[in-house]
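I am opening my notebook on this structure and will write down, entry by entry, what I looked up.

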Amino acid sequence: MSILDNRTELTRRVNEVAEVAGYLWQKGWAERNGGNIVINITDCVDEEIRRLPSLGERRAIGTTLPHLQDCYFYCKGTNRRMRDLAREPMANGSVIRITDDCAHYEIIADQEVRPTSELPSHLSVHDYLIAKGSNYKASLHTHPIELVAMTHHRPFLEKDVLTRLLWSMIPETKAFCPLGLGIVRYMLPSSVALAVETIDAIEEGYDVVMWEKHGVFAVDTNIMSAFDQVDVLNKAAQIYMAAKSMGFEPEGMTDGQMQEMTKVFGLPK
Ligand SMILES: [Zn+2]
């Protein structure tokens, strides 16, 4: 028995997470248990799911998130590998319900797989997104090699330096990652401060945020779109590095060429 049985849309969403988890592993972005995925599945929840009992005890989130009342999420399990989740999403992740006090959660399916230690930060972002009326339902954290490497160079950490550089490497980057790349300076992984700074960067207008010397945090309507944005940005980073390794500074598209993109494709920036 699985919560996915006879639930086409929920199955599709969880399978999409599994597909993305496989890509993260194949790309070398998900060593060991690295990376996290949390998706809001509340709109797939029916009365039968609402009545499912908690597997084990109620657990504290560690913070109160008022907009998550009666919300349901599929979350990667703590210490679980993306490559295992790709094959068996319900053995390496679980469905949780946020309790009425908005400060606890219960694991309801399929097994008592405890969610990622990053759950409070991911849920804080989802709480923010709901408060804003956003239609974004997926959050992704991963370690894309070339993008992380670029954050080891201080000049790249200034506002929108990387955004402009990556956009100028290949036109699609601006078209498919139109809000650019926010930057959050180094902070302790899993810390509240890191979550707060990430939300600040999203508030500033980014949906992909780079954590210095660590990885990327992306939000989007679904997990595949969040992955696509990171993939597109990392491709641009690879083009930059390929040019550098051939011994020259890549020229990049001109400001005029990028403005033309904005106009013709109706891009926000
Ligand atoms: Zn990480």
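This is a predicted model: local features need pLDDT of at least 70, side-chain atom pairs count only at pLDDT 80 or more; totals for chains, interfaces and linings use all residues.

**Entry: Ser190.** I looked up Ser190 and found it in the loop between β7 and α8 (192–203), where helices (H or I, at least four residues) and strands (E, at least two) are DSSP runs numbered from the N terminus. Its phi is near 70 degrees, a positive value in a residue other than glycine. I noted beside this that most residues other than glycine have a negative phi, and most peptide bonds are trans. Ser190 counts as partly exposed because it has 14 C-beta neighbours inside 10 Å; a residue is buried if 20 or more other C-beta atoms lie within 10 Å of its own, exposed if 12 or fewer, and partly exposed in between, with the C-beta atoms placed from the backbone.

Residues are numbered from 1 along each chain as its sequence is written.

**Entry: Ser117.** Ser117 is found in the loop between β5 and α4 (119–131), and with 13 C-beta neighbours inside 10 Å it counts as partly exposed. I also checked Asn36, which is 81 residues away from Ser117 along the chain, and the C-alpha atoms of the two are separated by 9.1 Å.

**Entry: other backbone angles.** In the loop between β5 and α4 I also found Asp110, and the peptide bond from Ala109 to Asp110 is cis, with omega near -20 degrees. Arg32, in the loop between α1 and β1, has a positive phi near 45 degrees although it is not a glycine, and with 9 C-beta neighbours inside 10 Å it counts as exposed.

**Entry: the sheet.** In what order do the nine strands of the open sheet stand? I read the order as β2-β5-β4-β3-β1-β6-β9-β8-β7, with mixed pairing, where two strands pair if DSSP finds at least two bridges between them. β2 (59–60) and β7 (182–184) stand at the edges with a single partner strand each, so one side of each is left without a neighbour in the sheet.

I then followed β6, which runs antiparallel to β1 and is joined to it by four bridges, with Ile37 opposite Leu140. β6 also runs antiparallel to β9, here with five bridges, and Ser139 stands opposite Val219. Is β6 covered on one face or on both faces? Both faces are covered, as Ala138, Leu140 and Thr142 on one side and Ser139 and His141 on the other are all buried.

**Entry: helix α1.** Helix α1 (residues 8–26) lies across β1 (36–40), β3 (72–76) and β6 (138–142), and it runs at about 160 degrees to β1; axes are lines fitted to C-alpha atoms, for helices over the stretch in contact, and angles run from 0 to 180 degrees between N-to-C directions. I listed the buried residues of α1, which are Leu10, Arg13, Val14, Val17, Ala18, Val20, Ala21 and Leu24. Seen down the helix axis, the buried residues of α1 fall within an arc of 165 degrees, so they line one face of the helix; the arc is that of the directions from the helix axis to the C-beta atoms. On the other side of α1, Thr8, Glu9, Arg12, Asn15 and Gln26 are exposed. The cover over the buried residues includes β1, β3, α3 (82–87), β6 and α9.

How values were computed
Two residues are in contact if their C-beta atoms, placed from the backbone, lie within 7 Å.
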